[in-house]
Amino acid sequence: MGTEIFSNLNWLAVLVAGLAYFALGAIWYSFVFKNAWIKHSGVNVNDPKMKKGMAQTMLASLVLMIVASLGIALFLSKIPGATTWMSGAKVGLVAGVCFSATGICISYLYEKRPWMLHIINSGYNVAGCVIAGIILSVWPK
């Protein structure tokens, strides 16, 4: 595979989709599922060690969300006519469920994590992929 697959991508749209995915996390984990996530993840948010390196962790997660958005953009580029919000939502849903959610749940099964944590974290990644898919599909090429 050559690099020409990347030449038709709108890199600004990929960046914005990744940023939107990241922003959803701020809402998801700070407001919507904050208490449930804290309870089921076992993270002690008052532990000073948890706050150490948080900027690097957040930057790394942003980079990974941009990479996920890049993957969705590549999928969309191979689907003729995928320029509506619905086509983006469908591709994002497939990517979110088939790749993100299953990957998380496979790991969590072996780690014996609570089912609520599966739902919270998988749900976030599915929703993030859907949002990224919508942005990438409707953004002018």
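The paragraphs below lead through the aromatic contacts of this predicted model and then through a nonpolar patch on its surface. Residues are numbered from 1 along each chain as its sequence is written, and side-chain values use heavy atoms, with hydrogens and water left out. In this predicted model, local features need pLDDT of at least 70 and side-chain atom pairs count only at pLDDT 80 or more, whereas totals for chains, interfaces and linings use all residues.

Rings of Phe, Tyr and Trp (its six-membered ring) are paired if their centres lie within 6.5 Å, with planes under 30 degrees apart called stacked, over 60 edge-to-face and the rest tilted; by this rule there are 7 aromatic pairs. In one of them, the ring centres of Tyr29 and Trp37 are 5.7 Å apart and the planes stand at 75°, so the pair is edge-to-face. Tyr29, at 23% relative accessibility, counts as partly exposed (buried is under 20% relative accessible area, exposed over 50%, partly exposed in between, with a 1.4 Å probe and protein chains only), and Trp37, at 23%, also counts as partly exposed. Ring pairs join Tyr29 and Trp37 with Tyr21, Trp28, Phe33 and Tyr124 into a cluster.

On the surface, Ile106, Leu109, Tyr110 and Trp115 form a nonpolar patch with about 540 Å² of accessible area together (patch residues have over 30% relative accessible area and no salt bridge, and nonpolar side chains, namely Val, Leu, Ile, Met, Phe, Trp and Tyr, are joined within 5 Å, like charges within 9 Å; a salt bridge is a side-chain nitrogen of Lys or Arg within 4 Å of a carboxyl oxygen of Asp or Glu; areas come from the Shrake-Rupley method with a 1.4 Å probe, and for residues only the protein chains shown count as cover). Helix H5, residues 85-111, gives the most to this patch, with 3 residues (helices, H or I, of at least four residues and strands, E, of at least two are DSSP runs, numbered from the N terminus). Leu109 is found in helix H5 and, at 46% relative accessibility, counts as partly exposed.
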